[in-house]
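Subject: Structure handover

Hello,

Here is the structure for your next look. Please open it next to this note.

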Amino acid sequence: MIDFLKLPASYPHRPRRVLLRQTHISWVFLASPFVFKVKKPINLGFLDFSTLEKRHHFCQRELELNRRLCPDVYLDVLPIYKTASNFSFKTKGKIAEYCLKMKELPSGWFLRELLAERRVGESEINRIISRLRRFYESQTPTGEIEQWGRPEKLKISTDENFAQVEPFVGRKISAAAFAAIRRFTNEFYVRNEKLFRRRMQQHRIRDCHGDLHLDHIHLTPKATTIFDCIEFNDRFRFIDIANDVAFLAMDFDLEGRSDLGNLFLRNCAGEFHDSEMLKLSDFYKCYRALVRGKVESIQAISMKPAKAGKHAKAAVRYFRLALRYAVSGSEPLLLAVIGRVGNLLNWPVCSSDQIGKTHIGVPLTRRTPSKKRAEVYSRQMTTRTYRELLARGVIAAKTQGGAIVDATFASAAKRELLRQKCEKAHLPFQAVELEVDPGEIERRLRARNKSVGVISDARLEDLEKLLAAYETPSQLSPNLIRVPAGNAVSATVKSVLLRLTEAQLR
C-alpha cells in the first residue's frame, strides 16, 4: 500500500510527483496541492493505532479537532480500497486503510523556516498569541477536562514519560541526568501543589492543542495557521495553557533563540492575564523537552541507519535541554566548579589552566617548565588569568545558555571577583566545591606523574602548598554547593546534578 501511495498515478488529481515523509506514528504523502496522511499500525502505550477501526476513529478525531484552529486545511477522511490487483481510492472493494486528506501549506512560511531566515520578531510572536488566545477562549472547560490539572493526574503523564525514556538511559541520556530530571519533576509537584490547584480554580485547564511547536505553525502575510494537534490521547490535550505554550518556548530555546522564547511567554502571560504562568514555565519546558527526546529516540530505532543518526542526535539535544531546565532553568547560569565534573550539560568550559598556559605559549598537555612557573603563577598573572576566565565565562553563558568556569578559586579574593563579575553582568552563578579527602588528592596527584595529556600543572610535590593556600569558600553561600567527590566520577556527577536541581527548586 505504501508503494501504491508513492505513485502519482494512484491519486485522482494526478500530481506531478509524490514525496514521502515519516514521523514515528504516521506516513505523510505530499501530493501537491494535497497531503495524505496514513497512521502506522502501532501501539506505543500512549497511543494505539493497532487496528483498522482505531485508525479510522483517530483519523476522524484528527479531522474534527484540527478544524477548531484551521478548518480550511483539514478536508476529509478517505477510505483506501483493496482491489484484485492493487489498491484504489475509487474502485469499491474491501477497505484496507483510511487516510486523512489535507490542503498542502506552501513552503517557506513554516515557523521553523522563518526562524532560520531570521524573519521572526515580536509582530509574528504576537500574531501567534492572538490566534491562540481566541482558540483558548473558545474552549469551555468541563469537570472532565479540569481534573487533569490535579498533580496526581499530571503525574500519570510524567511518570509514563520517565518509564518510556528509561530504555534509552545510558545511550541517549546519562543515568545522572535522568535522575536529576526525575527529581526536579517530582519535587516540583510537592512544592507547588497549591499553585496547581489554583490553576484549576482559575479555569486554566482547557482542551488545548497539545503539540504546539515550530513545525506546526504556518505564517503567511494573510493567515496564521496552527495545525496537527494531538488526537490520539485526550489527556495530552486536556492541559494547562501554560503547558501548551511552553512547548513552543522550548523549541525556541533549542534553536538558540531563548530571546524569542522568553518574549513569547512574557507576552502570553500579559495577553492571557495570567501572572502565574511564568512560575510553571521551566517545569513544563523540562517535560516537553523530555517528551521530544523520547520521540526522537523512538524514531531513531525505527528508521534505517542512514536516517537514524539525525534522530539520535536530536534526542541527545532535547535530553540535555531538559537537564538544563532541571538544574538551572531558562535563564543563563555561570557554574564555577572548584575541581572537575563531567559536563553533561554540554556547556562550554573555560579553564584557568588552559588560559594561563596559552598566555605564555606552553602547549596545553605539557607541564610548564620550572623556570616559567613563577611567571605563570605570579599574583599579577593569576589575577589576569582569572579576569579573562570570568570574562569568557560570562560571554559564553549569555550566548549559549550556560557555561562552566573550571579553576580552584582557592582564595576569598578570587571568589569575590566571581561574585562581582556575575553581579555586574546580571548573571546568576552557582559554585560547586568538590570535597576530596586529602588521601584521595594525594593518590590522584601521584597518578598524574605517570599520565600524559593532563592540562593542570599540579603534582604530588605541590600538595602541601595547595592545601595550605586553600581557603574555605563559605562567603559564597547561598550560591555554594558542597559535594563529596570519591573515586566514582559518575556518582559525583549525579550528586552535583541533584544538588543543582535542589537549588533550582528553591
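Predicted model: local features only at pLDDT ≥ 70, side-chain atom pairs only at ≥ 80, totals over all residues.

Residues are numbered from 1 along each chain as its sequence is written, and side-chain values use heavy atoms, with hydrogens and water left out.

**The parallel sheet**

An open sheet is formed by 5 strands, in the order β12-β13-β11-β14-β15. The pairing is parallel. Helices (H or I, at least four residues) and strands (E, at least two) are DSSP runs, numbered from the N terminus. Two strands pair if DSSP finds at least two bridges between them. The edges are β12 (349-351) and β15 (480-484). Each has a single partner strand, so one side of each lacks a neighbour in the sheet. From one strand to the next, the twist averages 20°.

Look at β11 next. Strand β11 (residues 333-338) is joined to β14 (residues 429-435) by 5 bridges. I338 has E433 as its bridge partner in β14. β11 also pairs with β13 over 5 bridges, again in the parallel sense. There, L333 is partnered by G402.

β11 is mostly covered, with 6 of its 6 residues buried (under 20% relative accessible area; exposed is over 50%, partly exposed in between; 1.4 Å probe, protein chains only). L333, L335 and V337 are buried on one side. L334, A336 and I338 are buried on the other. In a regular strand the side chains alternate between the two faces of the sheet.

Helix α15 (residues 379-400) lies across β11, β12 and β13 (402-406). Its direction is at about 160° to β13. Axes are lines fitted to C-alpha atoms, for helices over the stretch in contact, and angles run from 0 to 180 degrees between N-to-C directions. A391 lies in α15. A391 is partly exposed, at 36% relative accessible area. Its C-alpha atom is 7.8 Å from that of K421, 30 residues apart along the chain.

**The antiparallel sheet**

Here 6 strands form an open sheet, ordered β1-β2-β3-β6-β4-β5, with antiparallel pairing. At its edges stand β1 (19-22) and β5 (87-88), each with a single partner strand. Helix α2 (residues 52-66) packs on this sheet, touching β3, β4 (74-82) and β6 (94-103). Contact means heavy atoms within 4.5 Å. The direction of α2 makes about 15° with that of β6. Strands β2 (residues 26-31) and β3 (residues 34-39) are joined by 6 bridges. S26 has K39 as its partner in β3.

**Helices α9 and α12**

The axes of α9 and α12 (residues 305-327) come within 11 Å and cross at roughly 110°. That makes α9 roughly perpendicular to α12 (65 to 115 degrees). M250, D251, D253 and L254 in α9 meet R317, Y318, L321 and Y325 in α12. The residues of this contact divide into 5 nonpolar, no polar and 3 charged. Ala, Val, Leu, Ile, Met, Phe, Trp, Tyr, Cys and Pro count as nonpolar, Asp, Glu, Lys and Arg as charged, and the others, Gly among them, as polar.

D253 sits in α9 (residues 241-254). D253 is buried, at 6% relative accessible area. Its side chain makes a polar contact of 3.0 Å with that of K285. A polar contact is a pair of N or O atoms within 3.5 Å; within protein, one must be able to donate a hydrogen and the other to accept it, and residues adjacent in sequence count only if both atoms are side-chain atoms.

Best regards

Methods. Parallel < 35°, antiparallel > 145°, perpendicular 65-115°, else oblique.
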